[in-house]
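Subject: Structure for your review

Dear colleague,

Please find below the structure that I am handing over to you. My findings follow it.

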Amino acid sequence: MKKKQLVDLITSVFLIICGSVMLLFPLFHFVKVKIIFLGVLGVYAALNMIKFVLTCKSGDYEGLFTSLASMVVLGVAMYLDINKVPWYLALCLLIWIILLSLIKLKKGDYYNDRKNKMWIFEVICLILFILTGLLTTMNLYYENDIQVLVLGYFFLIHGILELFDPLIISVSYTHLTLPT
């Protein structure tokens, strides 16, 4: 497994853990949605910046762009009063989803330009990400504990979708390099 796929894999596992931890918050009666949402965006920004720093020699700027998108939405979410107006939380999440969708679309275009069949997989993951995000934003009008659970499931699914890319690349790379 190449260094880039290994870093992507480890980052995806941390994102899955982040989503899983969010699912545990309502059990401990910690349902401060604004703090949790800002914390998750901060973790995403930090993890993707570390990912970019570790893989910058590969020419992949996805980590940098994802980190910047997370920081932009983090700034917007800090300004808005998410706790009192659930619509603001949905708006912030929708902005983040749009920005990440553009980044994922650019990655799919990168694969397509190089005649790599991974672009089909990237587009499928993009569609699943957008669909999951839209369903999540439509269901953020409940109590705080339900909001935290919905966000937890969304970030867990996002981490799983991010996990598929390095796994498929490493499996296809291993399959292609095996002697016949």
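A search of the whole structure finds 0 disulfides, a disulfide being a pair of cysteine sulfur atoms within 2.5 Å. Cys92 is in no disulfide, and the nearest cysteine sulfur, that of Cys18, lies 17 Å away. Cys92 is buried, with a relative accessible area of 0%, whereas Cys56 is partly exposed at 36%. Here buried means under 20% relative accessible area, exposed means over 50%, and partly exposed lies in between (1.4 Å probe, protein chains only).

Please note that this is a predicted model, in which local features need pLDDT of at least 70 and side-chain atom pairs count only at pLDDT 80 or more, while totals for chains, interfaces and linings use all residues. Residues are numbered from 1 along each chain as its sequence is written, and side-chain values use heavy atoms, with hydrogens and water left out.

Helices 2 and 3

Helix 2 and helix 3 pack with their axes 7 Å apart, at an angle of about 160°. That angle makes the two helices roughly antiparallel, because angles over 145 degrees count as roughly antiparallel, under 35 as roughly parallel, 65 to 115 as roughly perpendicular and the rest as oblique. Axes are lines fitted to C-alpha atoms, for helices over the stretch in contact, and angles run from 0 to 180 degrees between N-to-C directions. Helices are DSSP runs (H or I, at least four residues), numbered from the N terminus. The crossing of helix 2 and helix 3 is left-handed, a term used if the near helix is turned anticlockwise from the far one by less than a right angle. Among the residues of helix 2 that meet helix 3 are Phe37, Leu41, Asn48 and Lys51; the helix 3 side includes Glu62, Thr66, Ser70 and Leu74. Contact means heavy atoms within 4.5 Å.

Glu62 belongs to helix 3, which covers residues 62-79, and counts as buried at 7% relative accessibility. Its side chain is joined to that of Lys107 by a polar contact of 3.0 Å. A polar contact is a pair of N or O atoms within 3.5 Å; within protein, one must be able to donate a hydrogen and the other to accept it, and residues adjacent in sequence count only if both atoms are side-chain atoms. Leaving aside neighbours within four places in sequence, Glu62 is in contact with Lys51, Ile103, Lys107 and Glu162.

Thr66 is also found in helix 3 and is buried, at 6% relative accessibility. The Thr66 side chain reaches the backbone oxygen of Glu62 at 2.8 Å. Not counting residues up to four places away in sequence, Thr66 touches Asn48, Leu100 and Ile103.

Asp165

Asp165 sits in helix 6 (residues 144-177) and is buried at 6% relative accessibility. With residues up to four places away in sequence not counted, Asp165 touches Lys107, Tyr111, Met118, Phe121 and Glu122. Asp165 and Asp8 are 157 residues apart in sequence, and their C-alpha atoms are 8.3 Å apart in space.

Two loop residues

His29 is not a glycine, although it has a positive phi of about 60°. His29 lies in the loop between helix 1 (3-24) and helix 2 (33-55) and is exposed, with a relative accessible area of 69%. Lys115, not a glycine either, has a positive phi of about 55°. Lys115 is in the loop between helix 4 (86-113) and helix 5 (118-138), and is exposed at 73%.

Yours sincerely
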